[in-house]
Amino acid sequence: MGVDIKLPIGLMFSIIGVILTIHGFLTATNAEFYKKSMDININLWAGLFMLAFGIIMLAFSKRLKNPKAGK
Amino acid sequence: METTITLGTIDFLIMSVYILFVIGIGWVLKRYMLTATDFLEAGRSLPAWITGLAFISANLGALEVFGMAASGAKYGIKTVHFYWIGAIPAMIFLAIFMMPFYYGSKARSAPEYLKLRFDEKTRGLNAISFAVMTVFTSGISMFALAELLRILLGWDFNFSLIFSAVIVLIYTYLGGLTSAIYNEVLQFFLIVIGFLPLSIIGLINVGGWDGLKESLKSVAIERGFSAGAFTASWEGMGSATSNPMGIQWFGLIMGLGFVLSFGYWCTNFLVVQRAMAAGSMKAARRTPLIGAVPKMFLPFLVILPGMIALVLLNDSESGFALLQKNGSDDFNSVIPMMLGHYFPAGVLGLGLTALMASFMSGMAGNVTAFNTIWTYDIYQSYINPNKPDKHYLRVGQFATIFGVAVSIATAYLAAQFDNIMDFIQLVFAFVNAPLFATFMLGMFWKRSTGHGAFYGLAAGIVAATVHHGLTLTAGEAIGIKGGWISVLHQYPSEMALSFWTAIWAFIVCFVFTIIISFATQRTKSDNDLKGLVYSLTPKYREEGIKWYQSNLALAILVGIVAIILSIIFW
């Protein structure tokens, strides 16, 4: 099947990762907001983690796509 | 209501991105759905890492996540037995010993294997009971989700129900099994990443693993158990009364570790179907092994939050409470209430999206297993055989809609009658318990006959029913908890009763199948059974690879890691 699942996974994680990272930055100074999560800016951490995972997935899907295109 | 969680724009944004992607995947795959095989068997073309993650994701439905976290809060670390004893050995057995027959026989479903190996009636019994079970299960989990969203977020029950069902319907209707499997991979990663912060923040909150142990020590002593009852997986398992699960080691290993676990992982088409969609025998055998790797570590994701919740519930200053049901704590609400307790807007949306993803992966698993069984084992076999392939493709697509519609109806049924869920699950337990004996004798004993298999299976189901009717969970009213014929024996816990029900059903099915097989003539010759029975099938060898690339090496590695984990948390 000519569909590579790594591409949509990579895209989705990158998009949600960016959203959470930005949200994390915007709320970073709001100590009250992060009281729930033990004073950890969990949005920033989760966002960066998802972004990294998304980029890795995208990188893999690109790497596997190129040799096919050459055929 | 004070327990209600309020969502912000950011939370809805994350949820929307997820929904767009799952539907998008179905949309893109639509143009590849040309034959019934494409739609119902994913063209038997997928690589092992995809089918392996889908294998575990289909199992990781909402009921599993809610249920395991609930057990974590009720029984503590004892719940890991459902993983390291109750899953890993069976997954290894499926990969190494059973997959060659499932995949190699070219059967398109588990019931079809029974037809090839035994006869039509054995297939019919399995196909019909399984088809009913899958739609009811997806209906029950749909009800659980919609009810939760209603209580927690104040969403309309009807809206949540129809909305979540329609999304699953769209992507499974468009892209069939391939779409379900691809989305299961995406959902798997989302579930992990959405719930992981819960374990991390929760663990920091209770002072790490040592803090958790210390806090649960006092809870254990307060309830009359030894200090490590909630934090050491084998402590107090010598007797049913000295551990919170209410079962002793033998019942646990035989009931859960052998009968129930092998019955689920090795014969349930919901998971086996994922492996059968693999592109080669090697990939099919690798599927459960790849699934076993994350499965071993899932306790840290779903049981740990339950254990942390147990600490919070016993700490009056934590401000944490579960939803109430009939005046007592509803442990199934552990995960969502923990999300609300620890997550600020943003990750809260992510966590709820993960919850939705887990619901969808389980439901899509049920729907795709249902439409395959319906199309091949019921429609093509009994209703309308010998039609062109296009016809069965349409039937498969229609069965998808039909399956979702019946699931919705079941969800409303569950909403109407409080006990119906317990009742349905009980019936499934009776039907499933003996099944592993049938498959095992079929695959490893060439003398077993069609009559033997069918009547053995029926005897096993009757045995399960009678055992349930004659025994009772201590302290419960007679009825759905047992004892409706006469109370001959009382079990200390519901779990003990269900484990022993399964053990008896298995033994009766096993013995009856053997006796009746000896009393009846074989109808299939050795030649017919080639590829279906162990002793008549040429040994499958993996050639041209190094020893460490083989499935056996991976299986041994998985086994060793599971043993190491068990020893660490002994």
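A salt bridge is taken here as a side-chain nitrogen of Lys or Arg within 4 Å of a carboxyl oxygen of Asp or Glu. By that rule the structure holds 13 salt bridges over all chains. The model is a predicted one, in which local features need pLDDT of at least 70, side-chain atom pairs count only at pLDDT 80 or more, and totals for chains, interfaces and linings use all residues. Residues are numbered from 1 along each chain as its sequence is written, chains are lettered from A in the order in which they are written, and side-chain values use heavy atoms, with hydrogens and water left out.

In chain A, the side chains of Asp4(A) and Lys6(A) meet in a salt bridge at 3.2 Å, N to O. Burial is judged by relative accessible area (buried under 20%, exposed over 50%, partly exposed in between, with a 1.4 Å probe and protein chains only). On that scale Asp4(A) is partly exposed at 22%, whereas Lys6(A), at 10%, counts as buried. In chain B, Glu41(B) and Arg44(B) form a salt bridge at 3.6 Å, N to O, and both of these residues are buried.

Another pair in chain B joins Asp526(B) to Lys446(B), at 3.5 Å, N to O. Asp526(B) lies in the loop between α21 (494–519) and α22 (551–568) of chain B, and Lys446(B) in the loop between α19 (435–444) and α20 (450–470), so the pair ties together parts that are 80 residues apart in sequence. Both partners are partly exposed, Asp526(B) at 34% relative accessibility and Lys446(B) at 32%. Salt bridges with shared partners also link Lys115(B), Glu120(B), Arg123(B) and Asp377(B) into one network.

The interface between the chains comes next. Counting contact as heavy atoms within 4.5 Å, 35 residues of chain B are in contact with 28 residues of chain A. Buried area is the accessible area (1.4 Å probe) that two parts lose on being put together, summed over both; for chain B and chain A this comes to about 2,800 Å², 86% of it on carbon and sulfur atoms. Phe21(B), Ile193(B) and Pro344(B) supply 19% of the area that chain B buries against chain A, more than any other three residues. Zero salt bridges are found across this interface.

Helices here are DSSP runs (H or I, at least four residues), numbered from the N terminus. The elements giving two or more residues to the side of chain B that touches chain A are α1 (9–29), α3 (48–59), α9 (157–205), α15 (334–342) and α16 (347–383) of chain B. Of these, α9(B) gives the most, with eleven residues.

Asn268(B) caps the N-terminal end of α12(B), with a side-chain oxygen 2.9 Å from the backbone nitrogen of Leu270(B).

Terms used. A polar contact is a pair of N or O atoms within 3.5 Å; within protein, one must be able to donate a hydrogen and the other to accept it, and residues adjacent in sequence count only if both atoms are side-chain atoms.
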